[in-house]
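Me: I would like to know what lies behind the labels used for this protein chain. Please go through them one at a time.

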Amino acid sequence: MLRKIFRFIIKVFLWFIVISVLSVVLFRFVPVPFTPLMMSRALEQRDRGEEMYANHDWVPIAEISPELQKAVIASEDGKFFTHYGFDFEAIEKAYENNKKGKRIKGGSTISQQTAKNVFLWQGRSYLRKGLEAYFTVLIELIWSKERIMEVYLNSIEMGDGIYGAQAAAKYWYKKDAKNLTRYEAAGIAAILPSPLKYKATNSSSYVNSRKGHIVRQMRYIKLDY
């Protein structure tokens, strides 16, 4: 019986490896149609008695303003082009400050956030964090930095029922993502820590302060694809 259980576990593990690798290879070339977060948000809408709604328009990275690409790097992951999926200095800093009870940005890179958004559920369990690390390694090995950025900007939540750069640009600024100005891009990037709470337009003083900081940091960022 123990031998059968062991063989079953091994088979499940091997199938998981095969399916996960094939999924990452597939999404190296194919647009991501939906994410687990989109589904969970839709179910939350249904439970509240609201219409299930998700605005998600995939566009290639060539049709996303370079200003938005710089803005999310400035806001979320300043070492995006130099790390291999993990910013260990940021992770250590976040860990030490969290132990002290300080509320600061976590240590997740854009690569980690992309892995979580596309392949996993939301949560803070050790299992999910372990799988996040696994998928982060896979996409860093199989995808280019440009592809990681493309998938990230097309899948991330940018408002209530708003997913991806094109939908966000249309919703917040009534224009295409390729036409976003530097300050508009900073407005979208500024709300990413809590897109259901903050607004990119008619923003609070806190978000406006973040916009200004992001704009200043964007001057030092070069897109190195």
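Me: Why is a stretch of this chain called a "transmembrane region"?
Reply: The name comes from an unreviewed UniProt entry, which lists residues 12-30. UniProt positions follow the numbering used here, feature names are shortened, and annotations may be inferred rather than shown by experiment. The model itself is predicted: local features need pLDDT of at least 70, side-chain atom pairs count only at pLDDT 80 or more, and totals for chains, interfaces and linings use all residues. Residues are numbered from 1 along each chain as its sequence is written, and side-chain values use heavy atoms, leaving out hydrogens and water.

Me: What makes residues 12-30 helix or strand in the model?
Reply: Helices (H or I, at least four residues) and strands (E, at least two) are DSSP runs, numbered from the N terminus. Residues 12-30 are 79% helix and 0% strand, with end C-alpha atoms 26 Å apart.

Me: What makes L153 a contact of I64?
Reply: Contact means heavy atoms within 4.5 Å. Leaving aside neighbours within four places in sequence, the contacts of L153 include I64, L68 and V72.

Me: How do you know that strand 2 and strand 3 pair?
Reply: Two strands pair if DSSP finds at least two bridges between them. Two bridges join strand 2 to strand 3 (residues 162-163), so the two count as paired, and they run antiparallel. G159 has I162 of strand 3 as its bridge partner.

Me: Why is strand 1 called an edge strand?
Reply: The open sheet of three strands has the order 1-3-2, with mixed pairing. Strand 1 (55-56) pairs on one side only, as does strand 2 (157-159), and both are edge strands.
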